[in-house]
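I set down here, in order, what I looked up in this structure. The entries are brief and are meant for a reader who is new to it.

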Amino acid sequence: MSSSFDNVPAAVRIVEVGPRDGLQNEKVAIPTPQKIQFVQMLASAGLPVVEVTSFVSPRAIPQLSDADTVMSNITRLPGTAYPVLIPNIKGMQRALATGVRSIAVFTAASESFARHNINASIAESLANFRPVVALAQQEDIPVRGYISTVFGCPYEGAVDPQRVVAVAQELLAMGVQELSLGDTIGVATPRQVENVLDIVLAANDITREIVGVHFHDTRGTALANVLISLQMGITTIDAAAGGLGGCPYAPGASGNLATEDLLYMLHGMGIQTGVDLEKVVAATRYIAAYLGHTPTGKYYQAAVSSR
Ligand code: HMG
Ligand code: MG
């Protein structure tokens, strides 16, 4: 008998973005040693990828202006990847000086968001990435490419999926190995996700193995969007411990999909992740003490209120 779960993968790779996408939007300055400890706790929970920080302009994201110190001082586990966000060659040079071995570049599918977020057109941003990716290739460093506003833009509204395809193909052509499709402002719903993935996965050179999904949970649809993505065979899912985060240049983008909520659903479905859910809760609990507010993740809140 066929089931709607036939294509759902047996194992999923979670990309933990809490220390970067989660913390970048926090108002209170979080002390550097606590950021380092947060990263280490998440890696110790078994998360295969922990995005550590961003080597962006400190004026753009003051919270992550300690990127150099954080990256230089984490104790790295073998088998865990510790990528960082890089906007330009200056960021890449800073990152290389700290021994970075995995990076992500980031642009958008809508011009207005790219302008607000990185002060560049999409074409200019791609031009800025070319020397970054070339340098990464020289150093044998894998590169992920984020595309924001795939499912809607805070300034332009609807986004044509063909724009996503065009940006994705340019990223891949320059040597980016993996894509992350961002619902930056958390507006996507499952039928739309199916439609966009259908179009993107039908395009030349884009296979499901290299496509990750990155849902913000602003309107509570992130897990539903993950489910349809799984049903379409996607195996890489981004999430942030505690549901921390949002993008300072995306009004309303509060809250990434919470890693704990994702893990609870995946494990309940018998999908392997290699991650210890309670250790992620412990990491969220640890960093929560420095935020000045309670993380919004549902599993997290249920776990801490029952203790
Ligand atoms: P700009 O002002 O156009 O850059 O910013 P510039 O090249 O004209 O330089 C201006 C100043 O910034 C100069 O300093 C540069 O040296 C400095 P000054 O001479 O005036 O003293 N600068 C840097 N300093 C340190 N490191 C650097 C760097 N680059 C320039 N790398 C820029 C352009 C891209 C740099 C800026 O807009 C920026 O840093 N933006 C980052 C914004 C950001 O991090 N947004 C959040 C992450 S994206 C996201 O959250 C979405 C995602 O999660 C997916 C999704 O949800 O959709 C990934
Ligand atoms: Mg994001």
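**Entry 1: the ligand shell**

Helices (H or I, at least four residues) and strands (E, at least two) are DSSP runs, numbered from the N terminus. I noted that α1 (18-22), α4 (89-97), α5 (111-118) and β6 (143-148) each supply at least two residues of this shell.

I recorded that this is a predicted model, in which local features need pLDDT of at least 70 and side-chain atom pairs count only at pLDDT 80 or more, while totals for chains, interfaces and linings use all residues. Residues are numbered from 1 along each chain as its sequence is written, chains are lettered from A and ligands numbered from 1 in the order in which they are written, and side-chain values use heavy atoms, with hydrogens and water left out.

**Entry 2: contacts of the ligand**

Which residues come nearest to ligand 1? I found Arg59, Lys90, Asn119, Ser148 and Thr184, out of 28 residues around the ligand; a residue counts as near if one of its heavy atoms lies within 4 Å.

I then listed backbone atoms. A backbone N or O atom of Phe55 lies 2.9 Å from a nitrogen atom of ligand 1, and one of Ser57 lies 2.8 Å from an oxygen atom of the ligand. For Gly91, a polar backbone atom is 3.3 Å from a nitrogen atom of ligand 1. The protein covers 73% of the 1100 Å² of accessible area that ligand 1 has on its own (Shrake-Rupley method, 1.4 Å probe).

**Entry 3: Thr184**

Is Thr184 buried or exposed? I found Thr184 buried, with a relative accessible area of 4%; buried means under 20%, exposed over 50%, and partly exposed in between (1.4 Å probe, protein chains only). Thr184 lies in the loop between β7 (178-183) and α8 (190-202). A polar atom of the Thr184 side chain lies 2.7 Å from the backbone nitrogen of Thr149.

**Entry 4: strand β1**

I traced β1 (residues 13-16), which pairs in the parallel sense with β9 (residues 236-239) over four bridges; strands pair if DSSP finds at least two bridges between them. β1 also runs parallel to β2 (residues 49-50), joined by two bridges. Val15 stands opposite Asp238 in β9, and the bridge partner of Val15 in β2 is Val49.

Definitions and conventions:
Polar contact = N/O pair within 3.5 Å; in protein donor to acceptor, adjacent residues only side chain to side chain.
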